[in-house]
Every structure is written in C-alpha cells, then in structure tokens.
There are 2 protein chains.
Amino acid sequence: MMDLEWVDGGVTAPPGFLAAGVRCGLKSKGRDLGLLGSPRGCAAAGLFTTNTMPGWPVVLSREILAECGKVAGVVANSGVSNVATGAAGLAAAKEMSSAAATLFAALWGSDERPALVAQTGIIGEVPAIDRIRSGIADAGLSLSEDGGPDFAEAIMTTDTVPKSRAVRLKIGGSVVTVGGAAKGAGMIAPNMATMLAFLTTDAALTPDAARALLVPAVNESFNRISIDGDMSTSDMCLLLANGESGVAVEPGAESGRRFAQALAALCEALAVDLVRDAEGVTRICRVDVLGAASDDDAVRAARAVAESPLVKSALFGSDPNWGRLWMAVGKSGARADASRLSIRIGDVSVLETGTPKPEGKRLAAGPMGEPEVRITIDLGLGDGRAHFWFSDLTYEYVRINAEYHT
Amino acid sequence: MMDLEWVDGGVTAPPGFLAAGVRCGLKSKGRDLGLLGSPRGCAAAGLFTTNTMPGWPVVLSREILAECGKVAGVVANSGVSNVATGAAGLAAAKEMSSAAATLFAALWGSDERPALVAQTGIIGEVPAIDRIRSGIADAGLSLSEDGGPDFAEAIMTTDTVPKSRAVRLKIGGSVVTVGGAAKGAGMIAPNMATMLAFLTTDAALTPDAARALLVPAVNESFNRISIDGDMSTSDMCLLLANGESGVAVEPGAESGRRFAQALAALCEALAVDLVRDAEGVTRICRVDVLGAASDDDAVRAARAVAESPLVKSALFGSDPNWGRLWMAVGKSGARADASRLSIRIGDVSVLETGTPKPEGKRLAAGPMGEPEVRITIDLGLGDGRAHFWFSDLTYEYVRINAEYHT
C-alpha cells in the first residue's frame with residue numbers, strides 16, 4: 001500500500017485550521033457548539049442526506065455550496081437538529097450561519113465568507129438562537145489549532161466517545177495532512193444517515209476537485225455502514241481544503257490518486273468508528289459479498305444483511321444462524337441462485353454451493369462470538385463485490401431509542 | 001357495510017373441510033404437523049414469498065398449482081422450514097406431499113389429487129422425514145370437521161396463540177362460509193413474510209376466480225403489516241374452495257363483490273391477529289397515510305413508518321417523538337413537501353402543514369400509550385392513501401431473536 005502516517009489532532013491536524021468546541025446549553029450536558037475554519041478560506045464540497053424532507057442546515061449548506069465554492073468554515077451544534085421547525089427554523093439557521101461568518105471575518109481580518117451550518121439532535125424544536133449566538137461568541141474566543149478534539153466532542157449526541165482521526169502522506173515530496181471528525185450514532189444507514197462528518201486538508205483543491213474526490217470516498221465508507229437502516233434528515237459530510245501546504249491535488253493525476261487513497265483510509269476508519277460506537281452496540285460485523293452478478297447486486301445483498309433485524313439480533317446473541325443470511329440475500333433483489341451460494345463465518349464454511357456443512361453451526365459459534373465478526377457470502381455468479389459494516393441489535397439499542405430525551 | 005357473521009371453527013368452519021393437528025416431534029413441544037383438505041377436492045390458488053431463494057415447499061407448491069388447479073388439500077409442519085437444505089430437502093418435500101396425497105385418496109376413496117406443502121421454522125436443516133411420515137399417518141386418523149383449531153396450533157412457531165377466524169355471509173339467499181388460520185410471528189414484512197395463511201371456503205370457485213379474489217385481499221391485509229421488515233423464505237397464503245355450498249362466486253359479478261368483502265374482512269382480521277402476536281410485542285399501531293400523490297406513494301410512506309426501528313422503539317416507549325415519523329416519510333421516496341405535511345397521533349394534532357403544534361408532544365403522550373395507537377399522516381398533495389399495521393420493537397423481540405432455538 002502507501003505510506004500513511006496516522007496522527008493526532010483530528011480536524012486541526014492539517015496546518016492552518018482552527019477549531020473550538022464549547023457548551024452553550026442546547027444539550028443537558030457537555031459541549032454542544034463547534035466552530036471550524038481556516039483564515040485562508042477553504043474550497044469546500046459536501047454530500048447530504050437523500051431524505052426528501054431534510055433539516056434547514058442541509059437546505060442552507062447546500063445552497064451556500066451551490067453559490068460559492070469558497071467558505072470561511074463551518075458552525076455546528078448538537079442537541080437540536082432544526083428539522084420540522086417551519087419558517088422560524090430557517091431563520092434560525094440563517095442567523096447561525098451569518099453570526100459565524102461575521103465572527104470569522106472579524107477575527108481574521110478577512111472579507112466575509114459564508115459559514116456552512118450543521119445541526120444534529122431532536123427533531124421539531126426550533127433551536128434557541130440566543131444560546132447559539134452566545135456559543136458562537138465563546139467558541140470564537142477559544143478557536144485554536146489544537147481545537148480538533150473539542151470540536152469532535154461538540155458534535156456528539158448519543159455517541160459515547162468522540163471520533164477524531166487524521167492521516168499524513170507525502171505527495172511529490174511535500175507533506176499533506178487530512179483530518180476528520182464524525183458523529184453517529186443512531187439512524188445510521190447507507191446514503192448518509194444521522195451522521196455528521198467534517199474532513200479537512202491543507203492540500204490545494206478546487207471545489208470541483210474536492211467534490212470529485214469526496215464522492216467515491218464517502219460511497220465506499222460512510223455509505224457502507226448500517227446501524228438501524230433509518231436515514232436521518234440532518235446528515236452531511238463536508239470536505240474543507242485550505243491549500244496551506246501549497247500542494248495542488250488533481251483528481252486525474254498521481255497526486256489525486258495518492259490523496260484519494262488517504263481520504264478513503266480516513267473515511268473508512270471514521271465510518272468503522274461510528275459502527276463501533278453504535279447505539280447499544282456489543283459486537284460489530286463486516287460482511288463481504290463476493291461473486292455477485294454486478295457490484296450493484298453485491299451492495300444490495302450486503303445492505304440487506306447489514307439491515308436485517310434478525311441478522312442483527314443473531315449477531316447480538318452470537319448465534320451462527322446462517323439461515324438468516326440466506327433469507328436476507330434472497331429478499332435483497334440481488335440475482336442469486338441457491339445452488340451456488342456459499343457462506344463463511346470467520347474461517348468456518350457453513351454452506352457450500354447451497355448445501356449446509358455438517359457441524360457448521362457448532363463450529364461457527366466461536367467466530368460468531370468475536371468482537372468483530374467477519375462474514376463472507378459468495379454468490380458464485382460473477383465478479384461483483386461489496387462490503388458493509390454493521391452493529392448488533394441489542395436491548396440497549398431499544399432502551400436508548402424508547403426512552404430517548406435530550 | 002354488509003352483514004358478516006363471525007363464527008368459530010377456523011379453516012373447518014366451511015362445511016366439507018376436515019383438518020387435524022398432531023405432534024410428530026419436529027418442535028421441542030406442541031403440535032407440529034397439520035393436515036387440511038376436502039373429500040370433494042378443492043380449487044386452489046396461492047400467493048408466495050418474493051424471496052428469490054425460497055424454501056422447497058414454496059417451490060413445490062407453486063409447481064403443483066401451475067400444473068393443476070384442483071388439490072386434495074395441504075400438509076403443513078412447523079419446526080423446520082426446509083430452506084437451504086439442498087437436494088435432500090427437495091426430496092423430503094416431495095415425499096411429504098405424496099404421503100399426504102396418498103393418505104387423502106385412501107381415506108376418501110377418491111382419485112389421488114396432489115397435496116400442497118407448507119413448512120415453517122429453522123432454516124438449513126433437512127426435515128426428519130420419518131417423523132413427518134408418522135405425523136401424517138397420525139393426523140389422518142384424527143381428521144375431523146372440528147379440527148380447525150388443532151390445525152391452527154400445528155403451524156405455530158414463536159406464535160404465542162393460534163390464529164383462527166371464520167366468517168359467514170349470504171350470497172343470493174344461500175349461506176357461504178370463509179375460514180382461515182395463520183401464523184406469524186417474526187420475519188413479518190410486506191410481500192408475504194414469515195407467514196403462513198390457509199383460507200378455506202365452501203363457495204364454488206374456479207382456480208382463476210380463486211386467484212383473482214385472493215390477490216387484492218392479500219395485498220390489502222397480509223401485505224400491509226410489518227413486524228421486522230424481514231421477508232421469509234417460506235411464506236405462502238393458500239385459498240382452497242370446495243364448492244360444497246353450491247354457490248358459484250364470480251369475480252366480476254355481485255357474488256364476487258360480496259365474497260371479496262368477506263375475504264377482505266377475514267384476511268384483515270387474521271393479519272391484525274399476527275401483528276397483535278408479533279414477537280415480543282407490547283403495543284401495536286395502525287398508521288394511515290392520506291393525501292399522497294398516488295396510492296403507491298402512500299404505501300411507500302406507510303411502509304417506511306411501519307418498518308423504522310426508531311419509530312418502533314418510540315412506540316415501545318410510548319414516546320410521541322413525531323420527528324421520527326417525519327424522518328421515515330422523508331426517507332421513503334414518496335413525494336413529500338415539508339410545508340404541507342400534517343401528523344396526528346390519536347386525535348392530537350402534533351404537526352400542521354409543516355409547523356409543530358405547541359404542546360403537541362405533551363398532549364400526544366396519552367394516545368401514544370394506548371394498546372393500539374392510531375397515527376395519521378396527511379401529505380397534503382393528492383388523494384393517495386394506504387394503511388399499515390405494525391408492532392413495537394422491544395427487549396423481548398431482541399431476546400427471542402438473539403436466543404432463538406427450536
């Protein structure tokens with residue numbers, strides 16, 4: 001592979017980025033407001049939930065990116081998602097964005113550039129804009145190049161640990177850094193579920209290049225995890241590039257290829273961090289589907305496995321009940337032929353070309369009890385392949401979601 | 001409406017049907033083998049799982065129906081589903097069918113007519129054919145016109161109560177009876193999930209008429225319930241008509257219209273019985289989606305609500321967190337406009353044309369705690385409508401499915 005060096009610092013690992021995370025009182029405790037930006041300004045790209053009734057921050061940030069590729073940074077809060085809040089919610093999101101933009105410009109003595117907005121938490125409550133305003137002012141005072149971890153904390157909802165990662169690589173002899181922070185932890189499903197992810201880099205990217213690099217990285221990572229199959233109204237993944245390293249990265253060139261690998265590794269690591277901290281999780285699983293008639297079919301089958309409540313319950317119970325894998329593949333709509341299907345749990349073959357292996361269930365009980373279970377499903381039809389990471393369905397998941405309050 | 005009289009007896013309520021349910025040792029306890037048929041023979045129609053890797057009974061029964069519309073009856077077992085069992089499983093299903101067919105012919109002194117096969121239970125284990133054979137012989141000895149309830153017991157897996165219903169109506173002055181037995185209770189989802197349903201009638205139907213009447217009845221009932229969104233490999237719904245009443249029913253005519261209403265009422269009642277006895281259920285919900293751009297859109301939105309783990313968890317917790325309803329509608333793909341959406345829980349309006357009602361959550365806590373919650377979602381776009389029944393997601397659901405053994 002390539003020589004990637006994992007480093008501390010998260011979103012502020014790349015030089016030239018400043019961040020902060022403070023408490024403004026939207027959640028019952030903990031930091032709940034974050035600022036992240038670069039005095040140089042950033043080329044930006046974003047991917048957003050496909051939910052047709054998204055929150056106002058999604059609507060507003062999409063608009064900002066459509067109008068201008070260069071932003072000062074982003075303001076984010078947890079506790080309130082600003083979804084289903086009517087006209088008052090849109091006004092609040094705009095005020096939040098413009099307060100942050102004004103502050104960034106004042107602090108850095110630069111022209112005013114827009115600030116993207118991300119919000120996550122309870123649906124249906126208009127955010128308390130006075131708290132957010134005072135939070136933005138506080139955060140402005142503590143913006144720092146060591147602020148990445150605080151920022152990662154400020155975006156947490158039911159997450160139990162902050163998710164913060166960064167990686168360093170060399171492109172053409174120069175060092176480039178890519179950092180990230182993400183939050184889950186329920187409503188995680190393919191296609192950008194309740195998830196916020198902020199990626200930063202000191203590479204020099206155009207907005208188009210940022211988008212071209214972001215799409216495949218997200219597709220193979222954040223869109224390949226499933227916690228509960230629900231799709232939030234607030235998800236977004238933003239990539240901010242401030243160009244501080246002076247290293248230009250172009251999607252078609254060698255620089256783009258190297259950067260893409262680093263970005264993919266970072267996104268994959270953050271995505272698996274999300275699954276590891278899924279609501280109520282006790283055990284996670286990676287399912288690989290091979291031999292599908294097409295890659296799309298492989299994604300379909302892997303997703304059906306990852307989203308099945310029966311598979312997830314079996315994972316919780318360490319129950320190597322592979323019949324549920326068969327069921328899920330069959331309901332997925334992927335082309336499948338019972339007489340060609342083979343299934344392995346860890347290294348144990350439990351089904352080979354349609355026929356159960358004697359003692360398969362007994363032998364698979366061991367690997368099914370590992371903290372990270374590996375399942376391989378070979379459809380025996382072609383070259384299509386895909387993987388998904390998913391968490392188990394537990395008593396605690398139900399408790400959290402039946403009794404959830406801010 | 002029409003004058004329907006609900007009566008006892010289930011599948012043997014219609015004159016001329018005989019049934020039995022016995023224990024042959026496929027489950028750890030209780031009756032696990034059932035026979036049902038009519039000495040006159042039956043016109044038959046069936047609907048089957050859309051899972052692409054169905055069990056052998058599905059494959060075989062489909063074949064039988066394609067070849068001949070008239071059958072002696074059906075043999076069913078619980079405990080083992082005969083899915084993912086390779087060639088040995090197909091041989092077992094065929095042997096089971098032919099043993100039942102031979103027995104029916106011998107008992108009734110009739111020509112040998114085929115017997116349909118239904119099996120439900122663990123996947124991946126070849127059924128013990130010797131036990132099934134002796135069970136069929138035993139059941140033959142106890143076939144009776146009062147055997148409906150025993151038959152309903154013999155098809156139970158994780159069901160806690162048998163589901164047996166029958167209804168009587170008059171068509172052109174003559175009495176016609178329609179009976180049914182069904183089993184759930186997990187893997188229930190639209191499109192014929194882990195569900196077996198057997199419907200009987202003494203009306204005179206051609207196989208084509210039986211199918212024409214069965215399809216809409218199933219679509220509006222068994223295909224409008226969701227327990228866990230998983231789709232079993234074994235589902236089927238069979239309609240057997242023995243003509244004993246001498247009343248001919250034709251889909252296009254008044255007789256067909258009246259019969260269709262009775263069949264719809266019976267299927268709806270059995271479908272809701274399944275949801276009431278869902279694995280781990282504490283509370284059920286009927287969601288009605290109105291004002292959709294089309295009926296298909298309404299089905300899409302209602303299904304997304306019914307299948308959402310977050311909505312199901314909120315139902316368990318009596319949590320009137322309507323934001324999750326908004327989320328589910330938005331992820332469903334149905335045309336939706338945030339500014340037109342209205343939501344009621346029971347009689348309490350919590351969202352009106354996109355704006356939350358003050359005190360909505362507090363007021364909705366009462367109706368959200370009812371044993372049968374009613375949710376109404378008005379998309380405000382057109383005339384499309386649909387409903388779904390679903391169960392809550394509970395600790396007990398997880399326990400049953402994490403620790404499930406025969």
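How do the axes of helix α2 (residues 86-108) and helix α3 (residues 129-142) of chain A cross, and within what distance do they come? In this predicted model, the two axes come within 10 Å and cross at roughly 20°. Since angles under 35 degrees count as roughly parallel, that makes α2(A) roughly parallel to α3(A). As for handedness, α2(A) passes α3(A) in a right-handed crossing.

Here's who does the touching in that helix pair:

| Helix | Residues in the contact |
|---|---|
| α2(A) | A:Ala92, A:Glu95, A:Met96, A:Ala99, A:Ala100, A:Leu103, A:Leu107 |
| α3(A) | A:Ile129, A:Ile132, A:Arg133, A:Ile136, A:Gly140 |

Sort the residues of this contact by class and you get 9 nonpolar, 1 polar and 2 charged. A:Glu95 of α2(A) and A:Arg133 of α3(A) both take part in the contact, and Glu and Arg count as charged.

Now zoom out to the domains. Chain A is assigned domain 1, running over 5-276, and domain 2, running over 284-402. Their C-alpha centres sit 33 Å apart. Where the two meet, domain 1 of chain A puts in 12 residues and domain 2 of chain A puts in 11 residues.

What does the domain 1 side of that contact with domain 2 of chain A look like? Both β9 (225-226) and α6 (254-276) of chain A supply at least two residues to it, and α6(A) gives the most, with 4 residues. By class, this side of domain 1 of chain A has 6 nonpolar, 4 polar and 2 charged residues.

Definitions and conventions
Residues numbered from 1 in each chain as written. Chains lettered and ligands numbered in written order. Predicted model: local features only at pLDDT ≥ 70, side-chain atom pairs only at ≥ 80, totals over all residues. Domains from an automatic or database assignment. Contact = placed C-beta atoms within 7 Å. Axes fitted to C-alpha atoms, helices over the stretch in contact; angles between N-to-C directions. Parallel < 35°, antiparallel > 145°, perpendicular 65-115°, else oblique. Left-handed = near helix turned anticlockwise from the far one by under 90°.
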